[in-house]
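Try each task before reading its solution.

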Amino acid sequence: MKYEYPYTILGIYQRSNAVWFFDYDDDPQAPHVKLTGGNCSDGYVNSALVTSIPSALSYIVGELMPFLPRADWVVGSPYAAITFSYEVARQMGARHGHTEKYPRDPKRMRWPRYAIPEGATVLQAEELITTFGTTLEVRRAIEEENPAPVQFFPIVATSIYRPPSLNAPRPFDVAALVEREVKTWKPEECPLHTQGSLALRPKEHWAELVKKNAV
């Protein structure tokens, strides 16, 4: 398949079937997303379907570059953010590194492979940001395990920022190409459940969600 650009950034995700939002104007009983932690959501982004297309990834990062400070190092997290942060580093002419997940606790990060020298500037890049949980954990791991003190820029680069509320406090500034609220609820508080919508795991039912809930 030949991919041609430019498109809008969200359009690239749409054409790659990599994004889904509940259509509140369509069938109220259409399915919605059940997240890994058990909560319900009215949106989901499957970034790997875009970051696996080199031409799309290069174009997206190229659109983001004018908004980023020049860094000596660019770091990211596993897994989709590895290729995203690498492409940021490549276009910036910087070094690249990424954290790894602890086998017994995938939410906890470690920094075993790289050593950022003292005085080097560091930019963090994540292909998707929701609650800053991963962002904060990456910084913790690098700050605690890097041999020298780390000088992070007070900004994080991302393709899509999709918090529960765009007005919520942010621990860092965010350079994002797309900002969109995505709501989450506990199952017993989910208004989509109340109107008869069935909650589906996105990885197992992605084709069904995308088909029934075209963006």
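**Exercise 1: a sheet and its edges**

Work out the strand order of the open four-stranded sheet, then find its edge strands.

Solution. Start with the order: this open sheet of four strands runs S12-S3-S2-S13, with mixed pairing. Next, look for strands that pair on one side only: these are strand S12 (184–185) and strand S13 (199–200), the edge strands. Now step inside the sheet: strand S2 (residues 32–34) and strand S3 (residues 40–41) are antiparallel partners, joined over two bridges.

**Exercise 2: helix H4 and its surroundings**

Compare the span of H4 with the expected one, then find which of its residues are buried and what covers them.

Solution. First, the span: H4 (residues 80–92) has 13 residues and reaches 19 Å from first to last C-alpha, close to the 18 Å expected at 1.5 Å a residue. Second, apply the cut-off of under 20% relative accessible area: the buried residues of H4 are Ala80, Ala81, Ile82, Phe84, Ser85, Glu87, Val88, Ala89 and Met92. Third, the cover over these residues includes helices H2 (48–51) and H3 (54–64). Strands S5 (73–76), S6 (95–98), S9 (121–129) and S10 (151–161) are also included in that cover.

**Exercise 3: confidence**

Decide where this predicted model calls for caution.

Solution. Begin with the whole chain: its mean pLDDT is 92, and 95% of its residues reach 70 or more. Then check residues 1–5, where the pLDDT is below 50. Beyond near neighbours in sequence, that stretch has seven contacts in the model.

How values were computed
Residues numbered from 1 in each chain as written. Predicted model: local features only at pLDDT ≥ 70, side-chain atom pairs only at ≥ 80, totals over all residues. Heavy atoms only, no water. Expected span 1.5 Å × (residues − 1). Buried < 20%, exposed > 50% of the residue type's maximum accessible area, 1.4 Å probe, protein only. Contact = heavy atoms within 4.5 Å. Pairing = 2+ DSSP bridges. pLDDT = per-residue confidence, 0-100.
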